[in-house]
Amino acid sequence: MSAPAQSAVTKGVLRKFIDSPAGPKTIHFWAPAMKWCLVFAGIGDMQRPAEKLSVSQNVSLMMTGLIWSRYSMVIIPKNYSLLAVNLFILGTSSIQCGRIWKYRQSDEYKQKQLLEQKA
């Protein structure tokens with residue numbers, strides 16, 4: 001295929017993406033794009049000690065990821081970028097909840113609880 005013909009095909013694909021029902025001219029594109037910040041924050045929290053993590057925050061993020069993953073598949077148009085970001089949110093918050101649970105099962109946490117009760 002010649003360069004001008006290939007360029008025309010590429011423009012066609014790019015134009016189709018831009019004008020699609022889930023393209024960058026719609027909220028269906030920008031909402032998932034901004035939700036990636038939650039994923040990056042969750043990944044950043046992997047460096048924090050488990051004792052400093054919030055159970056309620058991570059459980060709510062898990063539920064958000066679960067609910068919106070389902071929703072992204074029942075809306076029209078199906079929004080695969082929303083599905084992807086919410087699965088990542090579900091995954092990162094599940095890992096964090098697992099870290100919190102593991103910490104709370106540790107002897108270190110139980111010792112801290114005993115000292116707080118005595119004080």
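## Packing of α3 against α4

In this predicted model, helix α3, which spans residues 55-74, packs against α4 at an angle of about 155°, and the axes of the two helices lie 8 Å apart. Because angles over 145 degrees count as roughly antiparallel, α3 and α4 are described as roughly antiparallel to each other. The crossing of α3 and α4 is left-handed, and the residues that form this contact divide by class into 16 nonpolar, nine polar and one charged.

The loop between α3 and α4 contains P77, and the peptide bond that leads from I76 to P77 is cis, with its omega near 0°.

## Packing of α2 against α4

Helix α2, made up of residues 27-44, also packs with α4, here at an angle of about 20° and with the axes 9 Å apart. Since angles under 35 degrees count as roughly parallel, this value makes α2 roughly parallel to α4. The crossing of α2 and α4 is left-handed.

On the α2 side, the contact is made by H28, P32, K35, W36, L38, V39, G42 and I43, while α4 contributes S81, L82, A84, V85, N86, F88, I89, T92 and Q96. Taken by class, the residues of the contact of α2 with α4 comprise ten nonpolar, six polar and one charged.

## The largest nonpolar core

The largest nonpolar core consists of five residues, namely V39, L61, L82, V85 and I89. Helix α4, covering residues 80-104, supplies the largest share of this core, with three residues.

Leaving aside residues up to four places away in sequence, Q96 touches G42, D45, M46, L53 and N58.

Note on methods
Residues are numbered from 1 along each chain as its sequence is written. This is a predicted model: local features need pLDDT of at least 70, side-chain atom pairs count only at pLDDT 80 or more; totals for chains, interfaces and linings use all residues. Side-chain values use heavy atoms; hydrogens and water are left out. A nonpolar core is a set of buried Ala, Val, Leu, Ile, Met, Phe, Trp, Tyr and Cys residues joined through side-chain atoms within 4.5 Å. Buried means under 20% relative accessible area, exposed over 50%, partly exposed in between (1.4 Å probe, protein chains only). Helices (H or I, at least four residues) and strands (E, at least two) are DSSP runs, numbered from the N terminus. Axes are lines fitted to C-alpha atoms, for helices over the stretch in contact, and angles run from 0 to 180 degrees between N-to-C directions. Angles under 35 degrees count as roughly parallel, over 145 as roughly antiparallel, 65 to 115 as roughly perpendicular and the rest as oblique. A crossing is left-handed if the near helix is turned anticlockwise from the far one by less than a right angle, and right-handed if clockwise. Contact means heavy atoms within 4.5 Å. Ala, Val, Leu, Ile, Met, Phe, Trp, Tyr, Cys and Pro count as nonpolar, Asp, Glu, Lys and Arg as charged, and the others, Gly among them, as polar.
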